[in-house]
Each structure stands twice: as structure tokens, then as C-alpha cells.
Amino acid sequence: IHTGFTTPEAPDVQALLAVMRERGVRDVVMEVSSHALSMGRAAGIDFQVAAFTNLSQDHLDFHADMADYFDAKARLFDGGAWPVIVIDDTWGQRLVDRVGPCTTVGTDLGNTTATWTAREVEALPNGRTRFRAVETVGARRDVVTGCAMPGRFNVANALLALAILDRVGVPVDVAGPAVAAATVPGRMERVDAGQ
């Protein structure tokens, strides 16, 4: 359903969720924009897990400054959802300080503070990336996974997805291959024209 927004207006979101529930949908993953958080579009949604990827200067046409933008994104973590946060930059680290206990994700080499880290990152000739996702605390699990797109930020996104799935109870040996196989149409999508 095309909505025209990353996060539709609150009545539209609630209507979509109601239709999903009527049709037997039990789990929903949604992107919640900083605009939506500022305008209350996600109000009334009880998230089980909330995730933070990064913060850049993308939306300073809407937010007064980076601090205002950060505060808007941080609202997602005010409702009791378990935080899963990429800590590859200072904004992620700052959010950890703000929210308290959480799951952290890191892709920087030598990052020993993250709950989940990406190791042995390898860019493959077909544009995919392969890496080991290593849990550095708790059960200390280790799974080979990857992503269909190149770039360190996509490694962080894939690792974040794995950490979210783990948090909601999907076994990492199931989540790892699923994350590695997932594609997103139109987002750095590989074009195979016989080249």
C-alpha cells in the first residue's frame, strides 16, 4: 500500500495495523521517521523493540539542529521498547547513555564494547557482503551472515536486524541466513543484465 510517507499519519497507521491484525498478522516491523516522532504519528503503538541506526544531517530542513534531530529520534525509546543501538558513531553512544540497558551493535574493527560485532567482513564479487556476527556477552554466539548490498553501513544494518531478531526470539542460526538473503527493492539493488 503506497502511503506517501515513511510513517503515515497516526489514523492511517492505526487503520493499517487493525487490518493486519484482522488478517492474522502477529508481527510488524516499521520504520518510524523523526518527522513522525515529532508529530505523534507513532503515538499509541506499543513497540517491543526499538532500533537506532545512525544520525546524519539529512533532515535539518525540518529539525532546528542536530540536537533537536537527536531528541526527536530518541523519543522512540521513551515508551518501554527494548533498545537496539548501532554505536559506530557518537550519536549512537550518546543514545546508549540516555536509554540505559540495551543491546548494542558495532562494526568498527576492534570494537569490544558492543553486544554484537561484525568480524571478518568480506566484500564479495557479486556485490554482497559476508561477515561473522559475534555476540561478545552472554551466550557468546557466533553466526556467519551478511547482506545483499555493499558498504559498512549495510553491514551495520544487517547486524542490527540480526540483533533485533535475536531479541524477539528468532534463533540466530535461522536469522543469520535469512538476513544474508534479504533484499530491498530499489535500495542499492543489484541489476543483472548479463554483464
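1. On the basis of the note: the model is predicted, so local features are discussed only at pLDDT of at least 70 and side-chain atom pairs only at pLDDT 80 or more, while totals for chains, interfaces and linings use all residues. Residues are numbered from 1 along each chain as its sequence is written, and side-chain values use heavy atoms, with hydrogens and water left out.

2. Within helix 3, the residues Met66, Tyr69, Phe70, Ala72, Lys73 and Ala74 are buried, where buried means under 20% relative accessible area, exposed means over 50%, and partly exposed lies in between (1.4 Å probe, protein chains only). These buried residues of helix 3 pack against helix 2 (34–39), strand 1 and helix 4, with contact taken as heavy atoms within 4.5 Å. At the start of helix 3, a side-chain oxygen of Asp65 comes to within 3.2 Å of the backbone nitrogen of Ala67. This is a polar contact, that is, a pair of N or O atoms within 3.5 Å, of which, within protein, one must be able to donate a hydrogen and the other to accept it; residues adjacent in sequence count only if both atoms are side-chain atoms.

3. On helix 4: which residues are buried in helix 4? In this helix, which spans residues 90–99, they are Trp91, Gly92 and Leu95. Seen down the axis of helix 4, its buried residues fall within an arc of 100°, so they line one face of the helix; the arc is that of the directions from the helix axis to the C-beta atoms. The face turned away from the buried side of helix 4 carries the exposed residues Thr90 and Asp97.

4. On the surroundings of helix 4: its buried residues pack against strand 1 (49–52), helix 3 (66–74) and strand 2 (82–86). At the start of helix 4, a side-chain oxygen of Asp89 reaches to within 3.1 Å of the backbone nitrogen of Trp91, and just after the helix Gly100 takes a positive phi of about 85°.

5. On two backbone angles: most residues other than glycine have a negative phi. Glu120, in strand 4 (residues 116–123), has a positive phi of about 55° although it is not a glycine, and Glu120 is exposed, with a relative accessible area of 55%. Arg140, which is also not a glycine, has a positive phi near 55°; Arg140 lies in the loop between strand 5 (129–135) and strand 6 (142–147) and counts as exposed at 58% relative accessibility.

6. Val144, in strand 6, counts as exposed at 51% relative accessibility, and it touches Arg130, Phe131, Arg132 and Gly176, not counting residues up to four places away in sequence.

7. On Met149: this residue lies in the loop between strand 6 and helix 5 (152–167), and at 13% relative accessibility it counts as buried. The C-alpha atoms of Met149 and Val184, which are 35 residues apart along the chain, are separated by 9.1 Å. For Val134 and Gly194, 60 residues apart in sequence, the C-alpha to C-alpha separation is 36 Å.

8. On the second largest pocket: 15 residues line this pocket, and of these Thr3, Thr6, Pro8, Leu16 and Met30 lie nearest its centre. A pocket is an open set of points on a 1 Å grid over the protein atoms alone where a 1.4 Å probe fits, with protein on both sides within 12 Å along at least five of seven lines, and lining residues have an atom within 4 Å of a point.

Definitions and conventions: Helices (H or I, at least four residues) and strands (E, at least two) are DSSP runs, numbered from the N terminus.
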